[in-house]
Amino acid sequence: MAGKYVRPGLAAALLAVLIGCAGPAGDGLIGFGFRRGGRSEQELRQAVGWVDPYAQDATRRSMLPDDFPEFSGLVRSLRRPPVPFPRRSVLVVSGGGVFGAHPAGVLYGWTRSGTRPEFDVVTGVSTGALIAVFAFLGPCVDEQLRTAYTTVENRDVYRRRRFPQILLAESLATNAPLARQIESYATDERIRQVAAEHRKGRRLYVGTTDLDVRRGVYWDLGAIACRDTPEDRDLFRKALLASAAIPGFFPPVRIPVTVDGKRYVERHVDGGTTSSMFFAPPYVPAEDQAALPPNWLYGSDLYILVAGKMYPDPTPVRPRSLAIAGSAVSTILYDQTRSDLHKLFLLTLVTGMNYHVSVIPKDLPAPVVATSFDPEQMTRLFDAGAEWARGPGGPAWRDTPPGAEPGEGGRFRVGPVLTDSGRRGPVNPSGPGVPFGPMMPFGPVMPFDLPGGLRAIPPVVPEK
């Protein structure tokens with residue numbers, strides 16, 4: 001009988017470790033197994049610059065660097081309407097736990113630059129859902145946003161369960177402290193403010209994941225707020241709590257639903273389980289939708305705040321099964337974020353929108369564990385985001401997708417004999433002049449031909 005409960009408990013513990021609760025290797029370099037199969041932090045920093053020049057040169061390059069801006073501009077120009085439509089602003093905030101301090105700081109500094117717009121739509125996932133409410137309400141809550149992302153500690157967010165309780169529980173920790181934090185910020189008055197903005201035509205959405213159906217769910221918090229009942233205000237807060245409920249680490253949030261008169265209970269967890277970020281279009285009255293042309297969003301702005309780095313920092317991994325699995329899944333989540341950024345970039349090409357991205361700079365020291373809420377580290381991230389955004393003219397947005405900047409892209413090898421480029425960050429393995437190496441800026445395969453006579457580089461076949 002005991003085994004019936006032990007296995008689910010261990011599975012919950014494993015899942016929590018997989019999505020970010022496993023810590024760094026620390027000083028575990030003295031372990032015999034670790035030295036045999038791992039590298040020190042210094043060696044890992046050097047390894048980022050290790051390349052195989054022969055394999056890189058023999059790999060097909062799809063587009064020259066000078067062609068990429070031309071290609072993007074050409075595709076967008078094809079969407080230009082004869083008469084411009086009103087310019088809209090959409091803000092997307094990704095998940096990322098403690099890394100949310102950086103996008104929170106970006107919003108804070110953006111206000112002080114004097115260039116922050118009023119967003120027509122704000123979407124958020126996980127910690128991005130919590131930030132989304134502040135972003136939607138505007139600069140009037142900037143100080144509360146700063147407090148929320150520079151002063152909280154672990155005890156303000158969760159409380160770990162003790163052994164053997166963990167074996168019979170749904171999660172490693174309880175998020176009751178986080179629920180109280182959400183209640184303190186999402187007050188009845190603030191929820192009514194969200195409702196007032198919704199009636200003006202602005203929209204606020206947050207994402208969760210239906211644990212059992214295994215699909216994303218997107219909640220229109222403004223519409224929920226407009227109903228202005230105690231039950232709907234409770235649903236408003238539950239959606240925020242569920243969006244940040246890391247599965248296995250936090251318990252699922254139970255949300256009752258009624259389908260054709262029959263009542264059910266859904267279990268919702270972190271929206272980042274199904275998507276790290278998502279786009280929703282600005283509101284258009286139903287009577288006007290039929291007359292909208294496909295290019296009605298041309299010239300509008302899509303702003304994306306990523307709660308994390310574009311590529312994770314190299315980190316030694318302990319020679320233990322859970323640590324190895326945790327590091328692998330963390331790497332997958334980073335790749336999912338880059339994949340979602342590619343999708344949004346393609347969306348802007350199709351619609352003619354402007355693509356603006358903020359990520360944590362690769363050289364900025366950042367926590368390794370997304371669930372370690374250290375006020376000192378969070379303040380450093382917040383201040384860095386604020387400083388970046390308050391520069392002359394506002395934030396210096398990135399306007400290219402992952403893989404399109406110097407030092408980014410995949411690396412190919414034909415053997416274990418490599419060259420150290422001397423670079424100590426993400427490198428350009430194809431050498432100077434090809435900033436994104438052999439990988440397409442949209443992913444590994446380009447699904448359409450290059451218009452306008454842009455150059456495509458054929459494969460380089462090495463001599464035998």
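**Note on the predicted model: strands, helices and selected residues**

1. Leucine 305 is buried, because its relative accessible area is 0% (buried is under 20%, exposed over 50%, partly exposed in between, with a 1.4 Å probe and protein chains only). Leucine 305 sits in strand β10, residues 301–309. Helices (H or I, at least four residues) and strands (E, at least two) are DSSP runs, numbered from the N terminus. Beyond its neighbours within four places in sequence, leucine 305 is in contact with Leu91, Val92, Val93, Ser94, Pro103, Val106, Leu107, Ser358 and Trp397. Contact means heavy atoms within 4.5 Å. Histidine 356 is 51 residues away from leucine 305 in sequence, but 8.7 Å away in space, C-alpha to C-alpha.

2. On the basis of the values: this is a predicted model, where local features need pLDDT of at least 70, side-chain atom pairs count only at pLDDT 80 or more, and totals for chains, interfaces and linings use all residues. Residues are numbered from 1 along each chain as its sequence is written, and side-chain values use heavy atoms, with hydrogens and water left out.

3. Overall counts. The protein chain has 17 helices and 12 strands. Of its 464 residues, 49% count as buried. Among contacts with a separation of 6 or more, 78% come from residues 24 or more positions apart.

4. Strand β3 (residues 121–125) is mostly covered, with five of its five residues buried. In a regular strand the side chains alternate between the two faces of the sheet. In β3, Val121, Thr123 and Val125 point one way, and Val122 and Gly124 the other way.

5. β3 has parallel partners. Strand β2 (residues 89–93) pairs with β3 in the parallel sense over four bridges. Two strands pair if DSSP finds at least two bridges between them. Leucine 91 has valine 122 of β3 as its bridge partner. From β2 the chain crosses through helix α6 (residues 101–113) to β3, in a right-handed β-α-β crossover. Right-handed here means that, with the strands pointing away from the viewer, the path from the first strand over the helix to the second runs clockwise. Strand β6 (residues 203–210) also pairs with β3 in the parallel sense, over five bridges. There, threonine 123 has tyrosine 205 of β6 as its bridge partner.

6. α6 also meets helix α17 (residues 375–389): their axes come within 6 Å and cross at roughly 35°. Axes are lines fitted to C-alpha atoms, for helices over the stretch in contact, and angles run from 0 to 180 degrees between N-to-C directions. The contact includes Val106 and Trp110 of α6, and Phe382 and Trp388 of α17.

7. α14 is mostly covered, with 10 of its 14 residues buried; among them are Asp232, Arg233, Leu235 and Phe236. Proline 230, also in α14, is exposed, because its relative accessible area is 54%. Proline 230 and aspartate 188 are 42 residues apart in sequence and 8.9 Å apart in space, C-alpha to C-alpha.

8. Strand β8 (residues 253–259) and strand β9 (residues 262–270) pair in the antiparallel sense over seven bridges. Valine 257 stands opposite tyrosine 264 in β9. The two strands form a hairpin with two residues between them, and aspartate 260 in the turn has a positive phi of about 50°.
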